[in-house]
Amino acid sequence: MPPAANDTPHPTHQAVNTAVIVATHAYCYPLERCLAGFAAQTDRPSDVILVDNGSGGVVARWAREHAPTISTVVRETNGFFCGGYNAGLRAALDRGYEFALIVNADTEPCNPQLLVDLKAAAGRHPRAAFVGPKVFLRTEGNVQNTVYDFPTFLRHAWGFVVCKLLGGAPPRSDNREREVDFLNGVCVLCRLDALREVGLLDETMGGYMEDGDWAWRAKQCGWTSVYAPVPSIIHH
C-alpha cells in the first residue's frame with residue numbers, strides 16, 4: 001500500500017507520524033468530511049486508511065472516485081468493529097507508524113489540530129497505550145461520554161439504577177486530563193509499540209466492550225489509558 005504518486009507531504013504541518021483508520025461496511029454520512037478532514041491533518045493523504053469492511057467492493061469503488069489519494073484496505077467479509085479496525089491497524093503496523101487513530105466513519109473532525117493535540121498528550125503519558133479526546137454527539141458542544149470503568153457486578157447494578165431510575169449521569173468526559181480504566185472506541189489514538197505487545201482487538205467479540213477488553217489486556221502489560229480533554233469530532 002505505497003503512497004500515491006501525487007502524495008506529497010503537507011509542507012506546513014508538524015510531522016505526526018500517525019495513521020488514521022476508518023472502517024465501514026457501507027457508505028455512511030458524513031464519510032467525505034471525515035476522510036477529507038483527517039487527510040488535511042496527516043503528513044500525507046495516504047496516511048488515512050479506509051477499510052472496506054466487506055461491502056462487496058462498494059466502499060472501495062466510492063473511495064476511488066471521491067478520495068483517490070487516501071489508502072484503501074479491502075476485506076472480503078464484514079469483520080464487524082474488531083475485524084475492520086484490525087485490518088487497518090495491521091496496515092499501519094506494517095508501514096511503521098508511531099501512532100494510529102481509530103475513528104468511526106459517521107464522524108467529522110471539528111479540531112484541525114486533533115492529531116497534534118493527541119500526540120502531545122501521548123508524550124505526557126509515555127505508558128499510555130490509548131489516548132481518547134472529548135467527543136461531541138451530533139452537535140458541537142454536546143459532550144458524549146467516552147470514559148468508563150471496568151465492569152463489575154456492583155458497578156453494573158448501580159449503572160442500571162442511575163440510567164433507569166435517576167435519568168442518567170452527567171458525562172465523565174470533563175476537562176481533567178487523567179488516566180482512566182478504558183475509553184469508548186469511537187475515537188482513540190493507539191500507540192503502536194504498545195499494540196505490538198498487547199495485541200489487536202479480539203475479533204471473537206465483534207463489537208461492544210471490545211474496547212474494555214483491549215484496555216484490560218493493556219493494563220496487564222503495564223500500559224494505561226488516558227483521557228485528554230481536547231475537542232475532537234462530531235459523532236453523527
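Buried means under 20% relative accessible area, exposed means over 50%, and partly exposed lies in between (1.4 Å probe, protein chains only). The structure here is a predicted model, in which local features need pLDDT of at least 70 and side-chain atom pairs count only at pLDDT 80 or more, while totals for chains, interfaces and linings use all residues. Residues are numbered from 1 along each chain as its sequence is written, and side-chain values use heavy atoms, with hydrogens and water left out.

Start with helix α4. Helices (H or I, at least four residues) and strands (E, at least two) are DSSP runs, numbered from the N terminus. In α4, the residues L114, L115, V116, L118, A121 and A122 are buried. What do the buried residues of α4 pack against? Their partners are β1, α1, β4 (99–103), β6 (128–137), β11 (187–191) and β12 (224–235). Contact here means heavy atoms within 4.5 Å.

Now widen the view to the cores. A nonpolar core is a set of buried Ala, Val, Leu, Ile, Met, Phe, Trp, Tyr and Cys residues joined through side-chain atoms within 4.5 Å. In soluble globular proteins, nonpolar side chains tend to be buried together. The largest core holds 35 residues, and V22, L35, F38, L101 and V131 touch the most other members. Helix α4 (residues 114–124) gives the largest share of this core, six residues. Take L101. Leaving aside residues up to four places away in sequence, L101 touches T18, A19, V20, I21, F38, L115, L118, C187, V188 and L189. Another core, of 32 residues, lies apart from the largest one; A92, V147, A194 and W223 are among its members.

Helix α2 (residues 58–66) comes next. Its V59, A60, W62 and A63 are buried. These buried residues line one face of the helix, because they fall within an arc of 160 degrees seen down the axis of α2. The arc is that of the directions from the helix axis to the C-beta atoms. Which residues sit on the face turned away from the buried side of α2? They are the exposed R64 and E65. The buried residues of α2 pack against β1 (18–24), α1 (31–39), β2 (48–53) and β3 (71–75).

Turn to the aromatic rings. Rings of Phe, Tyr and Trp (its six-membered ring) pair if their centres lie within 6.5 Å; planes under 30 degrees apart count as stacked, over 60 as edge-to-face and the rest as tilted. The whole structure has six aromatic pairs. One is F81 with Y85, a tilted pair at 4.6 Å centre to centre, with 35 degrees between the planes. Both residues lie in helix α3 (residues 80–94), four residues apart, about one turn of the helix. F81 is partly exposed at 21% relative accessible area, whereas Y85 is buried at 2%.

F150 and F182 form a stacked pair, 5.9 Å centre to centre, with 15 degrees between the planes. F150 lies in the loop between β8 (147–148) and α5 (153–165) and F182 in strand β10 (residues 182–183), so the pair ties together parts that are 32 residues apart in sequence. Both F150 and F182 are buried. With Y148 and W216, they form one aromatic cluster.

The cysteines close the tour. A disulfide is a pair of cysteine sulfur atoms within 2.5 Å, and the structure has zero disulfides. For C28, the nearest cysteine sulfur is that of C34, 7.9 Å away.
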